[in-house]
Amino acid sequence: MTEEKILTAEEIVKYFIDEFNTKIKDVKIKKRSAGLKKNETTNIWIKIDKGAFKDIIKHLCALQFPHLSVISGNDLVNSIELIYHFTFNYGHRMSEIMLNLSVELPKPNPEIETICDYIPGALISEREKQEFLGIKIIDIPDNKRLFLPEDFPEGVYPWRRDETGPEKLYRNLHEVKK
Amino acid sequence: MSKATTTKTTYQIPIGPIHPALKEPVFFEFELDGEKIIDVNVKLGHVHRGIEWASRNRNPIQILYLAERICGICSYCHPIAFSLAVESVADIQVPERAEYLRVIHGELERICSHILWAGVAAHEIGFDTVLYLTWQIRERTLDLTEYLTGNRVTKGITMIGGVRRDITQDMLPKIHETLKYLKDNFEKLRHILLDDKTVKMRTKGCGILTKEDALKLCAVGPLTRSSGVKKDVRVDSSYFAYGDLDINYTTPDILTGEVNGDVYDRIIVRLLEIKQSIDLIEQCLDKMPAGPIVAEPKIPKLLAQLKKVNGEGVGRHEAPRGEVIHYVKLDGVNDAPYTWKVRAPTYNNILPWIPMLKGEQIADIPIVAASTDPCMSCTNRVAIVKDGNKFEMNKEELHRLSVEKTRGLML
């Protein structure tokens, strides 16, 4: 992990489009300025195909070891979207770039490979997504529950918006003796 | 676990869900060989209140006040990170004066939090006089917070597109007076925490986190900086007025010329950051332009505008404990956001506890745990199970062990 060169947003995007072209579905570069001097901060939003996910993470780590801020998720009715928020170029004044990598997992069996083998720090975030969104992380090193209590019923996922969501549970708390 | 083998010398102690160095519950299971920690297992979630889920019935302005109640110490970081996320989705430009005011409140919170931490850390190793000293200094900072925002803890200062209260000319003398008081007392605090022989003996070489582990485990904030990783949202990116200010990464080598990644280095980083925060507030007071403090003062108009927005965005801020990040998705139909994901800094700083605690002694648990400044919560009992006999160890007992270790060093 030596000092790495500063990448620009365009370089990162070009690298992925050259490498994976059809697997990259949508790319947006957003810049926002702040303060009196109007210095800019860059956010890249990329939607990728699930099939190429692990390979893209591998290339990402080879390009520059990223910091994984968190994985967030949306229940989009027919699928579950996971968004991996990475940052690059930290350690250099105002040149940090945030890369938001979005991947959709079709229902009813949303599954995705773990990235803990490349970024061990992803473990907590992956465990959280498993219990809150009801997705399956393949080959996760630690499968235990992290936030939900042990006696929370199986098959109820607090962030889901379909029949596996928590609405039924909280309306009928007397049934589960909570 | 079979009893037939006589080679098994390790035993387990569960610590938590209520624990001495924590302000909120967390559960640890330590595998021990005598006094030495071999392995650690962590379980979280004892205070999971479903805040993100509760947001599904609230509009963005109501969420500001919900976010403020995620944590008492970081009661500014969460609403401000949420605002940043919403502003980025709706493309709201914050007035320049508000950007400077936001820095001032952020840095004031950092001073409060770091001074509080210094006191708690001193208490953990048995220096209660230092605890009282730091809380005396912190009280003045809280007085200033109350003077500027109207509240001591839940400040209610954040608004989407700006802040709610201005700093007027007649408020400046009181701010300068408090900053002078803090500067005068900084040297005293530095001398006590960094030059004291016993503090050095308890903290040097203790709870080491290597730079490689910090990077791999995605650690954030003073924890990762004290391991030599240059990562600080304020320096790395341009948000609020930080892009205009003179600011640099705080790593322990600034003071000592070397990075060890131990508890002592974490004290150095937090102390230097107090000084840095005082400096940043002064810079802001100097450079602050005149003008409005909020982009859209009419709340119903703002809400109507936000209701039409469809998109997603992230907001990041360097909280006292490190990077806090909020993800917001607005669907353009409902008042409430479609998704709101909160990630507090301690979330990322849990995994680094494992390499830090491995190989340390039981008496070091409180100071090592406290050195990450965890923002979860606090403990009462520890049960020790050894050879089938069960002992219970309470907070006082664990604290006594830690104090005894310090006394032992002093003899």
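Predicted model: local features only at pLDDT ≥ 70, side-chain atom pairs only at ≥ 80, totals over all residues.
Residues are numbered from 1 along each chain as its sequence is written, chains are lettered from A and ligands numbered from 1 in the order in which they are written, and side-chain values use heavy atoms, with hydrogens and water left out.

Q: How are helix α4 and helix α12 of chain B oriented, roughly parallel or roughly antiparallel?
A: The axes of α4 (residues 96–124) and α12 (residues 263–287) of chain B, which are lines fitted to C-alpha atoms over the stretch in contact, come within 9 Å and cross at roughly 155 degrees. Angles run from 0 to 180 degrees between N-to-C directions, and those under 35 degrees count as roughly parallel, over 145 as roughly antiparallel, 65 to 115 as roughly perpendicular and the rest as oblique. The crossing angle therefore makes α4(B) and α12(B) roughly antiparallel.

Q: How many nonpolar residues does the contact of α4(B) with α12(B) have?
A: Contact means heavy atoms within 4.5 Å, and the residues that meet include B:Ile104 and B:Leu108 in α4(B) and B:Ile274 and B:Ile278 in α12(B). Ala, Val, Leu, Ile, Met, Phe, Trp, Tyr, Cys and Pro count as nonpolar, Asp, Glu, Lys and Arg as charged, and the others, Gly among them, as polar. By class, the contact has two polar, six charged and, as the number asked for, 14 nonpolar residues.

Q: What is the geometry of the aromatic pair of A:Phe132 and A:Trp159?
A: Rings of Phe, Tyr and Trp (its six-membered ring) pair if their centres lie within 6.5 Å, and planes under 30 degrees apart count as stacked, over 60 as edge-to-face and the rest as tilted. With 5.0 Å centre to centre and 40 degrees between the planes, the pair of A:Phe132 and A:Trp159 is tilted.

Q: Are A:Phe132 and A:Trp159 buried or exposed?
A: Buried means under 20% relative accessible area, exposed over 50% and partly exposed in between, with a 1.4 Å probe and protein chains only. By this criterion, both A:Phe132 and A:Trp159 are buried.

Q: How many helices and strands are there in chain A?
A: Helices (H or I, at least four residues) and strands (E, at least two) are DSSP runs, numbered from the N terminus. The elements of chain A run α-β-β-α-β-β-β-β-α-β-α from that end, giving four helices and seven strands.
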